[in-house]
Amino acid sequence: MTIGQLVRSLPAAAFVLGALARPFTPEDLVQTNRLSGSIAVSPNSASIAYIQAHYSIEEKRQYTQLFVQALTDNHPHRGSSRPVKIIEFSADARPNPPSAHKEEDDEFAGGPKKHLKPSQPVWLSDTSLGFVATDPGTGKSTLYSVRSGKGRWSKPRPVVAMAVPISDLHFSTESGILAFTAEVYNSTDSLVETAKLDYHEKLRADTGQTYDDLWVRHWDTFVSSKVPQIYTLSLKVKDKDHFKPKGEPINVISSANANGRLEASNSFTLSPTGRHLAFVAKYPGHDYAWKTTSHVYLAGVDGSGAEPINPGKGGASSSPAFSGDGTKIAYVQMAATAYEADRNQIKIYDIANNTTTEVAADWDRSPSHVLWSDDDTLLVTYNEWGRNKLAKVDIATGAISPIVSEHSVGSVQQLPGTSKLLIDYSALDSPTDIYTVSIDDGAMSRVSQLNPKLASEVFLSAPEDVTFTGAANSTIHGFLLRPPNFDSQKKYPLAFVIHGGPQSSFTDGWSPRWNLNIFAAAGFVTVALDPQGSTGYGQNFTDAIRNQWGGKPYESLMRSLEQLLEEHPYIDRKRLAALGASYGGYMINWINGHSNVFKALVNHDGMFSTISTYYSTKELYFPETEFEGVPFDEKARENYERWSPERYVKNWKTPTLVVHSEKDYRLVVSEGLSTFTALRRQGVPARLLYFPDENHWVLKPANSLRWHREVLAWITKWTLDDDDSSATPYDSARFRVQGNDE
């Protein structure tokens, strides 16, 4: 069985839509079980542990569950590959739950109820599993352990309590070293002292924060005087696989000679012996906001000798990985120092010789993750033509040998002592699950079934690849999804979806946000294209959007739309809707100023003014690269003004739903408010959906449900067939599938 056949046998798209299969709904989407965080593999590769998250609309509760599952017959629960629930936590997911409501919280298998929300599973031995629980009231994290024996798991037992929240756990069974990240104040290395400073901070009478330089905000948080640091702590076995700390946590980063404190990313790894670690950090400086440069550092777990292995110029570094013998470190790094979408180049650093070599230098793809297969071969994940692929890379020749070429590979890790990998894997019509894959021949085996009922009860449309000819005779690739019960003799409305980034792409992978099957299930032929700026088609294609934001990508989208309508006559030209987020939201505003072919538009967190965005965004390297300079430079100012949607507001005529959130610091809420103002002041039908507690993404399940209902209701209202009286009016909280006669 091929990989494609394997995955296509899993989703509901493989079932004939009939009495047992119904259309996919937003309610289905927000209630799917999801992996949360990374998957932990036991040292003997016999078991995995993972966190599963689930939201219940009826109960308005968020569930967090820790599972252990066998991979081989060596597992203590041999003979059973069904996941074993170790602990479950639930909490009221409403922003302001009634004070009288009593939390149910978690339940141990065969044990009493406790108030522990599990996160970050990490194996301490083949039979002992650790996990972190952080007290929401005090902010303190505790590492707990559970032990397997005689066919069952023990009750959680505290291993070590930390004074502050910790994250990104790694543990070496070879050295007994636990490594983790924690945010501490610049003035101290002590976690206890940081907790004391946190307490005194809460006692302040005022709430003012002062800044003397840029990098004021990051993503959805204002930058504080606390900086992420990496700590190590020795754990020793006390008795019967029970672990206890030895000594105090050591700040591994503070030894770096950086003229200031390094800010660690969450990209670090322990060496095979557990005596060293490699981590990524940005060098302190006033140019944080307009430079992407970061370096890979090598340090001893005892806090000695933190030094960069790739000092000097260069762009963002990521994904350090030790070779099997610990003598080399593979990583990827961009060349450009102010461009977050430059091509990642594979590099290998020889620790003993202090030399660096480049691998597959001429390969025109940008790998996002690298790890070692053996001394002569690397493994990489990368995006190509709408797929997130996995391949082997011959270190000597640079030859690329694909292992998984279909759908979307997410995280990848080796199963020690085997020739297999553990991956999470998904498709546009199949939610994420866990698989093993052979490095030798790519044979895959499914491990988990996180959503077994979805495949048997719900129809999900299988994506079809489409290509068109865009600007400058370019090839524009994308996906087309058909509605349930599709009949080519009928006419259907179109949902024309435009991705953000702009340096990203639509991939054949599952997502809880902008899931294309939601629009198809609502009765729309759904098309999602990758114009200039998209990734996975070579670096020149990605770079082609620079100083062309409303140029080549817009031309390619509109040319492709016309070809689409000609080639697929079942799409009703009079019932077109376009939707986009971030850069896609920018393009929605641009379309509104340059075309009237759409009946409805949806702008999520889009850009209104290129100039106002420059002065309010958190990361200046982005607009400075895209528009080739700063807006207070006369020549670059012309670029900003040329591509600003605000210049064409007078042409806006199309009804638009505007969505924006308060904590979006990439494109601030004023961009959405400005868009809504421009529409309504001119009498253009519009609606504003505002979330005070979301960032650039709408993540909370109840908010996501509201988002989907509003978006689908809006595009349905404006694209109704004149003869279709079955659709629900716009103001309804729900929507009805267009053309559904049932």
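**Exercise 1. How many Å apart are the mean positions of the positive and negative charges of the chain?**

Solution. Start with what is counted: Lys and Arg are positive and Asp and Glu negative, while His and the chain ends are not counted. Next, each charge is placed at NZ of Lys, CZ of Arg, CG of Asp or CD of Glu. The chain has 73 positive and 85 negative charges, and their mean positions are 5 Å apart.

The model is predicted: local features need pLDDT of at least 70, side-chain atom pairs count only at pLDDT 80 or more, and totals for chains, interfaces and linings use all residues. Residues are numbered from 1 along each chain as its sequence is written, and side-chain values use heavy atoms, with hydrogens and water left out.

**Exercise 2. Describe the overall form of the chain.**

Solution. Step one is the secondary structure: the chain has 13 helices and 43 strands. These are DSSP runs numbered from the N terminus, with helices (H or I) of at least four residues and strands (E) of at least two.

Step two is the extent. The C-alpha trace spans about 75 × 65 × 65 Å along its principal axes. The rule for a globule is 2.2 Å times the number of residues to the power 0.38, and the radius of gyration is taken over C-alpha atoms. For 742 residues a compact globule would have a radius near 27 Å, and the 26 Å of the chain agrees with this.

Step three is the surface. By the Shrake-Rupley method with a 1.4 Å probe, where for residues only the protein chains shown count as cover, the chain exposes about 31,600 Å², 48% of it from carbon and sulfur atoms. Of the 742 residues, 56% are buried (under 20% relative accessible area; exposed is over 50%, partly exposed in between; 1.4 Å probe, protein chains only).

Step four is the contacts (heavy atoms within 4.5 Å). Among those between residues at least 6 apart in sequence, 57% join residues at least 24 apart.

**Exercise 3. Examine the backbone at Asn-354, His-407 and Pro-502.**

Solution. Begin with the background: most residues other than glycine have a negative phi, and most peptide bonds are trans.

- Asn-354 has a positive phi of about 55°. Asn-354 sits in the loop between strand E25 (345–350) and strand E26 (355–359), and is exposed, at 54% relative accessible area.
- His-407 also has a positive phi, near 65°. The loop holding His-407 runs between strand E30 (400–404) and strand E31 (408–414); His-407 is buried, with a relative accessible area of 3%.
- Pro-502 is joined to Gly-501 by a cis peptide bond, with omega about 0°. Pro-502 belongs to the loop between strand E38 (492–498) and helix H5 (516–521).

**Exercise 4. Is Ser-141 buried or exposed, and which backbone nitrogen does the side chain of Ser-141 reach?**

Solution. Locate Ser-141 in strand E10 (residues 141–149). Its relative accessibility is 0%, so Ser-141 counts as buried. The side chain of Ser-141 reaches the backbone nitrogen of Ile-166 at 3.1 Å. Not counting residues up to four places away in sequence, Ser-141 touches Ile-166 and others, among them Val-132, Val-160 and Met-162.

Met-162 leads on to Val-192: their C-alpha atoms are separated by 8.0 Å, though the residues are 30 apart along the chain. Val-192 lies in helix H3 (residues 191–202) and is partly exposed, at 48% relative accessibility.

**Exercise 5. Which residues does Thr-542 touch, not counting residues up to four places away in sequence?**

Solution. Thr-542 lies in helix H6 (residues 539–543) and is buried, at 3% relative accessible area. Thr-542 touches Tyr-339, Ala-341, Gln-503, Gly-533, Ser-534 and Thr-535.

Key: Polar contact = N/O pair within 3.5 Å; in protein donor to acceptor, adjacent residues only side chain to side chain.
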